[in-house]
Amino acid sequence: MTSSVPALAMRGISKRFGATHALEDVSFTVDRGSLHALLGENGAGKTTLMRIAFGMLHADAGTIEVAGRRREWRSSADAIAAGLGMVHQHFMLVPAFTVAENVALGDRGLFSGFDGTRSAERVRRLGEATGLVLDPSTRVADLPVGAQQRLEIVKALSRDARTLILDEPTAVLSPGETEELYAWLRRFVRDGGSVVLITHKVREALAVADAVTILRRGRTVFSSAVAEVTEDRVVSTLLGETGAPRGNHAPPAQSPADAVVLSLRAVSVVDARGTERLRDASLSVRSGEIVGVAGIEGAGQWELLRVLAGRLAPRSGSVRLASRIGFAPEDRLRDAVIPSMTLAENVALQDAGMLRGRVPWRAFEARARRVTTAHDVRPGDARTVGALSGGNQQKFVLGRELDGAPEALVVENPTRGLDLRATDAVLAALRDARDSGCAVVVYSSDLDEVLGLADRMVVCYDGTLTEVPVESDRVGRAMVGIH
């Protein structure tokens, strides 16, 4: 049951973050009484667009209309008052509070007197009306992840939301919970509500949506009723395929001595919430090869890389790792270095757990000089790692991990935020490591980059691991669950 007046209409939306043009002249319209899927690769601008719709961010240009009336949000409170609700990918809940207390958060006058009985009754009433049943007295910390998502929806409905925005709602749900969620969303739409579904799962989206819009690199590149498109058309538009495969198609020649350095067999990983993030994953990496890893955010690659680097213990399965593994995580300032320490002190951190007795500072200073020379790190007058430029920090971390010729190297988004010169240096270092016999595993959200590096490719999708040819179309399709 659709209406000629859209539930939400965004026109000419643009947004910059510094030099990055996150959105450029984007238009997006959601009909009343419809479910509209918003698709795009990592960084396409989907979440940014919906945060603007919900008043969390302000657009640099463009207009927003809700139910035919032009709106200008001062904050999310204005969007909520106009009938919008947003369920974020990372839930906005207070774990120590009960269900009723979380529903009451944000109500006007909450701190002048919380009425627990009234809030609990509201939760029960919504549960009866929608089927989203929750115990109002249960602490959020004790709820399974599917129930936490139901709570987020109940929060929005308690504020009379008529248009719901859901950001990757099935990323942490089991198949049964996913089916239950979509059944409820279809009922909500049939009753006149409207839904925006941000997702990477093409097949799933086309099965439940009435319309689909695709963003690529901050622009609207496609919008259509689902009944008028094919899965192949959506996938090719989503990935920007030209039909030409990309990447290295022939792995380097291997000698009989090339050995398996990293090995996983039927490995599963469960996160703190009890959600299975990696499921029955098997992989072998040999010396002298680069294995590229691709996957949409949250597909299991974060856990895979940390298991391979020896930083995360699986719940089940067998793991065989090299005795010396280098690891360069994506967030170098949080996970790889201490910015306020000197280069020598950060070199010492690598072997901190093995140090005994007096610290050999002269040796670490010599290693720091060796790293900066070998990897063209230019410290200038900088005494601490935090004073280095981003490119020099990344080259330093990679050089430190490669110093001493590790048997294996695991790297995550190695060139994010780097300029062309630093990017070329980092990619060259990875190839040199491979050519010297190191087993290298690289994940990059830049698909062209990882295809250009990889001798073999594996794709993470919904916690599973699949090896695919080093071709952009095959990898891209596997990333959205189409083989």
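I take a residue as exposed when its relative accessible area is over 50%, and as buried when that area is under 20%; partly exposed lies in between. I keep in mind that this is a predicted model.

**Entry 1: Arg-315 and its partners**

I looked up Arg-315 to begin with. Its relative accessibility comes to 57%, so Arg-315 counts as exposed. I then asked what its side chain meets. Arg-315 forms a salt bridge with Glu-276, at 3.0 Å from N to O. Glu-276 sits in strand S12, residues 276-286. Arg-315 sits in the loop between helix H9 (301-308) and strand S14 (316-320). The two are 39 residues apart in sequence, so the pair ties together separate parts of the chain. Glu-276 is partly exposed, with a relative accessible area of 29%. I also noted Arg-279, which is linked with Glu-276 and Arg-315 in a network of salt bridges.

**Entry 2: the whole-structure count**

I ran the search over the whole structure. It finds 24 salt bridges.

**Entry 3: helix H13**

I moved on to H13, residues 390-402. The helix has 13 residues. From its first C-alpha to its last it reaches 18 Å, close to the 18 Å expected at 1.5 Å a residue. How many of the residues of H13 are buried? I get 12 of the 13, so the helix is largely enclosed by the rest of the structure. I listed the buried ones, among them Lys-395, Arg-400 and Glu-401. Phe-396, Val-397 and Leu-398 are also on that list. Just after H13, I found Gly-404 with a positive phi of about 95 degrees.

**Entry 4: Asp-403**

I looked at Asp-403 next. It lies in the loop between H13 and strand S16 (408-412). Asp-403 is buried, at a relative accessible area of 12%. Which side chains does it meet? I found two entries to record. Another salt bridge joins Asp-403 to Arg-370, at 2.8 Å from N to O. Arg-370 is in helix H12 too, so this pair ties together parts 33 residues apart in sequence. I checked the exposure of Arg-370. Its relative accessible area is 43%, so Arg-370 is partly exposed.

Note on methods
Residues numbered from 1 in each chain as written. Predicted model: local features only at pLDDT ≥ 70, side-chain atom pairs only at ≥ 80, totals over all residues. Heavy atoms only, no water. Helix = DSSP H or I, 4+ residues; strand = E, 2+ residues; numbered from the N terminus. Expected span 1.5 Å × (residues − 1). Buried < 20%, exposed > 50% of the residue type's maximum accessible area, 1.4 Å probe, protein only. Salt bridge = Lys/Arg side-chain N within 4 Å of Asp/Glu carboxyl O.
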